[in-house]
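Subject: Handover of a structure

Dear colleague,

Please find below the structure for your records, followed by an account of what was found in it.

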Amino acid sequence: MTTFLFENPIFLEHHTPEGHPERSDRIRALNLALEHERFAPLVREKAPQANEDFVLLAHPESHLRAVVDVIPEEGINHFEADTHASPASLQAALTGIGGAVAAVDAVFSGKAHNAFVAARPPGHHAEREKAMGFCFFNNAAIAARHAQKAHGAERVAIVDWDVHHGNGTQDIFFNDPSVLFCSTHQMPLYPGTGAKDETGAGNIVNAPLSPNDGSDHFRDAFKSRVLPRVADFKPDVIIISAGFDAHHRDPLAQINLVADDFDWATARLMELSEKSADHRVVSLLEGGYDLEGLAESAATHIYRLMRG
């Protein structure tokens with residue numbers, strides 16, 4: 001498989017307060033893991049900075065302007081208690097969008113079978129008109145809309161295995177049957193959404209897990225709820241909101257996954273992408289706040305993308 005990795009040093013320049021879990025060291029830890037020789041075949045690309053028009057694929061102009069207004073000239077400002085911005089944060093967020101868009105272009109052009117975007121800040125909590133949960137703009141939603149607008153994708157599946165529910169993605173696509181959104185997540189947990197009865201236009205599939213659930217429960221949820229719906233939907237591309245905070249080491253949740261669970265889930269989605277999407281998978285980094293757990297899990301996920 002040809003796998004593209006989109007990265008950019010600007011992601012290190014989005015600063016959060018001392019002790020904040022969403023920190024630059026997350027990217028540094030992943031970069032260190034990717035120095036292993038087995039990742040030599042990765043096609044490494046510098047993620048471009050998107051222009052602001054791409055934000056409008058998933059958010060109104062008022063949301064874009066609200067984010068711009070919070071960016072400080074120096075120091076750190078905040079949207080809410082846990083979502084912060086520093087002087088380079090807008091550039092980092094737009095580059096995260098640029099990486100997501102470039103990844104979509106790469107898989108639809110045939111240059112890559114799949115792609116991973118190692119960006120921060122993350123995106124899946126960003127609702128249509130609200131920045132929250134460490135997230136400014138919804139990269140997965142923008143990637144999906146770009147696939148539809150630029151490449152004629154009729155059906156886009158977004159699978160979110162971050163341990164926190166992707167409320168933003170659900171909010172944006174709640175009544176849009178052209179996008180299937182499937183999420184496994186711990187419940188109850190921030191942000192408090194993601195119940196099974198939240199089904200949108202029949203295109204929302206939530207598979208909540210209970211605190212202290214582990215590999216068996218996660219895989220059962222995937223096999224019983226997520227994979228059959230993706231298979232039936234026959235997407236033209238699969239976008240993964242790839243959070244790794246369901247790892248047993250993570251400090252923000254209590255789901256006890258190991259790196260092999262992310263390998264398994266990746267392989268299952270790749271099998272489905274082969275059937276309907278000509279292998280097209282775009283994976284976007286979301287959460288994961290224990291550095292060892294993040295690095296091990298994300299590296300395992302990327303290596304599976306490379307191996308097929």
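A cis peptide bond with omega of about 5 degrees joins Tyr190 and Pro191. The loop between β7 (179–186) and β8 also holds Pro188, and Met187 and Pro188 are likewise joined by a cis peptide bond, with omega of about 5 degrees.

The model is predicted, so local features need pLDDT of at least 70 and side-chain atom pairs count only at pLDDT 80 or more, while totals for chains, interfaces and linings use all residues. Residues are numbered from 1 along each chain as its sequence is written, and side-chain values use heavy atoms, with hydrogens and water left out.

Overall architecture

The chain contains eight helices and 10 strands. For its 308 residues, a compact globule would have a radius of gyration near 19 Å, and the value of 17 Å for the chain agrees with this; the radius is taken over C-alpha atoms, and the globule rule is 2.2 Å times the number of residues to the power 0.38. Along the principal axes, the C-alpha atoms fill a box of roughly 50 × 40 × 40 Å.

Buried residues account for 60% of the 308, where buried means under 20% relative accessible area, exposed over 50%, and partly exposed in between (1.4 Å probe, protein chains only). Of the contacts (heavy atoms within 4.5 Å) between residues at least 6 apart in sequence, 75% join residues at least 24 apart.

In the UniProt record, an unreviewed entry, the annotation "domain: Histone deacetylase" covers residues 20–302; such positions are given in the numbering used here, feature names are shortened, and annotations may be inferred rather than shown by experiment. Over residues 20–302 the chain is 39% helix and 16% strand, with the end C-alpha atoms 26 Å apart.

Backbone features

Most residues other than glycine have a negative phi, and most peptide bonds are trans. Asn212 has a positive phi, near 75 degrees, and is situated in the loop between β8 and α6 (215–233). Asn212 counts as exposed because its relative accessible area is 58%. Lys234, also not a glycine, has a positive phi of about 55 degrees and belongs to the loop between α6 and β9 (237–242). Its relative accessible area is 48%, so Lys234 is classed as partly exposed.

Which residues does Ala207 touch, not counting residues up to four places away in sequence? They are Ser183, Thr184, His185, Ala221 and Arg225. Ala207 is part of strand β8 (residues 204–209) and is buried, because its relative accessibility is 1%.

Leaving aside neighbours within four places in sequence, Ala106 is in contact with Phe4, Phe6, Lys111 and Ala112. Ala106 and Thr3 are 103 residues apart in sequence, and their C-alpha atoms are 9.5 Å apart.

Yours sincerely

Terms used
Helices (H or I, at least four residues) and strands (E, at least two) are DSSP runs, numbered from the N terminus.
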